Amino acid sequence: MRTHSRRAVLGAGLAAAGSGLLAPRSLASTAPEAPHDAGPPYGSPDPGDSHHSDDSPLTDYVSPHGPEVAEHEHKRGSGRVRRFALTAAETQFDLGGLTVNTWAYEDRLPGPEIRVTAGDQISLTLHNRLPQPTTIHWHGLQLRNDMDGVPGITQQAVKPGDYFDYRFAAATPGTHWLHPHVGVQLDRALYAPLIVDDPDEPLSYDVEWIVLIDDWLDGVDGATPDAVLAHLNKNKAGGAMGHGEMQTGHTTGKQASGTASRMLRSPGLLSDYPANVEHPFHLINGRMSRDRETFHAKPGDRIRIRLINASGNTAYRVALGDHKMTVTHTDGFPVQHHETDSLLMGMAERYDVLVTAKYGVFPLTALSAGKSNRTAQALLRTGNGEAPDPKTRPKELRSGGLGAGELKADESVLLADREPDRTIRMDLTGTMEKWDWAINGTPYTPSQRYPVEQGERVRIVFRNKTKMWHPVHLHGHTFALPDNGPRKDTTIMLPGKELCVEFDADNPGLWMTHCHNTYHSESGMMTILGYRSPK
């Protein structure tokens, strides 16, 4: 995977600022404070079947930095320590004839790959050179709760000019990624691949290609994600309901609001997936189609492609021209191998596929679903030949895209057969007109808790009562889709549909569940599952 480096705009000044960093603090000195009660919780609990968050005192729940979390981390073991550092800072990129101001890790788009082996300890220092507080969320990892990166819940956000030491066992092999969990920072360039290799890797392949797909609006005609979010919430008392800080970035509030309004779409149905924010550009590994990345291989090579949808607001149909793809994993977990022409990927979903490379030059194309059918594209080159036109759409896209619901979990990762101890019902609610996104009709507050207990089998019944689709993500766990479906941490919920998923409550703490459309989650469609403290 080739990444963009910043092309010499903010260079000298920011490099000087980054050179005087303090020595990393110990984990003890950076331990997050306990979450505070930001208001009365809603609803009342039903021990077996809950449709409301709990009104018990917050002290009844396991603290993210409590002894239960530390004890569970100790059980994961202590492998070799892998040390990393990331600096989040303002920067500027040329995306292929378009220069934009944005925020990124290490002046790269995507950010640098973090790669370890399952069982390793990740020790990473985040230096914040942004104008806003920030965090890192380790998407897909079942890690210790106090390292999960949720501000006000698992840690305090890292203030501008400050830093934070993340350290935890990386026990979950697979294709994962990292991004902030503050406001709509995800919809800038603040993301990077996180690969945890399996020491007993069963797959055989010759080369690997990591592909991150993204939608882009930051810095286009002065727009910023913060300005778009503010515009969407302009008629709501108190504005956005998430845990970010509203800033308009590089333009005045009036200019940003005007630009933001031009990037919004009506909820009209297009290719079955209505959209609400129109990102004018789409990228693969930080590059637009007119400046495509080229991945080189040899004819006959068996290529493992790790696909990550890192976008803030867009689903993609993905295909490699003139090739079949064999799906081997989704969200890091193995599945029964399934051949397909194309994939449908919601925000934050990951798929691993194997392809056997033919001779020639072939487009890897990601077609935005439910928007203006714009594409991102990269090239696979195994021999001589003229590259296809950037607007080329492989015929393989006509199949519509395989989704996770058509896959079956590999036998090695099936959950044990047992009845659920607890059922939690979560209705996804809200409308485009009111922009009142919520779970069970209640917008997010930090005091919400849906209770679970250690060792339970938990069933969540998601019902999408909106006219939009939502990629729903659970932190710190993976759930099983019905009928021996795949293990996932993120799944697509279509309008009007119901989906029952199950997981084992085996990772104590406070864990977010939310829509991974960043403009929905930060407007209220998120809540918290909380482990009750042992009696």
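I started with D331, which is found in the loop between strand 17 (325–330) and strand 18 (333–340). I kept in mind that this is a predicted model.

**Entry: two residues with positive phi**

I looked up the backbone of D331. Its phi is near 50°, a positive value in a residue other than glycine. Is D331 buried or exposed? I found D331 buried, because its relative accessible area is 0% and the cut-off for buried is under 20%.

Next I went to A348. It is found in the loop between strand 19 (343–345) and strand 20 (350–356). A348 is not a glycine, yet I read a positive phi of about 80° there. The relative accessible area is 0%, so A348 is buried.

I moved back along the chain to P110. This residue has its place in the loop between strand 5 (108–109) and strand 6. I checked the peptide bond from L109 to P110. That bond is cis, with omega near -10°.

I stayed with strand 6, which covers residues 114–117. I recalled a rule: in a regular strand the side chains alternate between the two faces of the sheet. Which residues of strand 6 make up the covered face? I noted I114 and V116 there. R115 and T117 make up the uncovered face.

I then looked for a partner. Strand 6 pairs with strand 11 (residues 192–197) in the parallel sense. I noted 4 bridges for this pair. One residue I followed across was T117, whose bridge partner in strand 11 is D197.

I turned to empty space. Rolling a probe the size of a water molecule over the atoms shows where empty space is left. How many cavities of 30 Å³ or more are there? I noted 2. The largest cavity has a volume of about 100 Å³. It is lined by 15 residues, and I wrote down those closest to its centre: H181, G183, H514, T518 and S521. Strand 32 (510–515) and helix 5 (518–521) are the elements that each give two or more residues to this lining. I sorted the lining of the largest cavity by class and got 5 nonpolar, 9 polar and 1 charged residues.

I followed the chain on from helix 5. E522 has its place in the loop between helix 5 and strand 33 (526–531). I checked its accessibility. E522 is buried, because its relative accessible area is 3% and buried means under 20%. I also checked E522 against V184. These two are 338 residues apart along the chain, but their C-alpha atoms are separated by 7.1 Å.

**Entry: the open space**

Last, I looked at the largest pocket. About 420 Å³ of space lies in it. I noted 21 lining residues, and the closest to the pocket's centre are A404, G405, T491, I492 and L494. The elements giving two or more residues to this lining are strand 30 (490–493) and strand 31 (498–504). Which strand gives the most to the lining of the largest pocket? I found strand 30, with 3 residues. By class, I read the pocket lining as 11 nonpolar, 5 polar and 5 charged residues.

Conventions: Residues numbered from 1 in each chain as written. Predicted model: local features only at pLDDT ≥ 70, side-chain atom pairs only at ≥ 80, totals over all residues. Heavy atoms only, no water. Buried < 20%, exposed > 50% of the residue type's maximum accessible area, 1.4 Å probe, protein only. Pairing = 2+ DSSP bridges. 1 Å grid on protein atoms, 1.4 Å probe; cavity = no way out; pocket = protein on both sides within 12 Å on 5 of 7 lines; lining within 4 Å. Points joined across faces, edges and corners; volume = space filled by probe spheres on them. Nonpolar A, V, L, I, M, F, W, Y, C, P; charged D, E, K, R; others polar.
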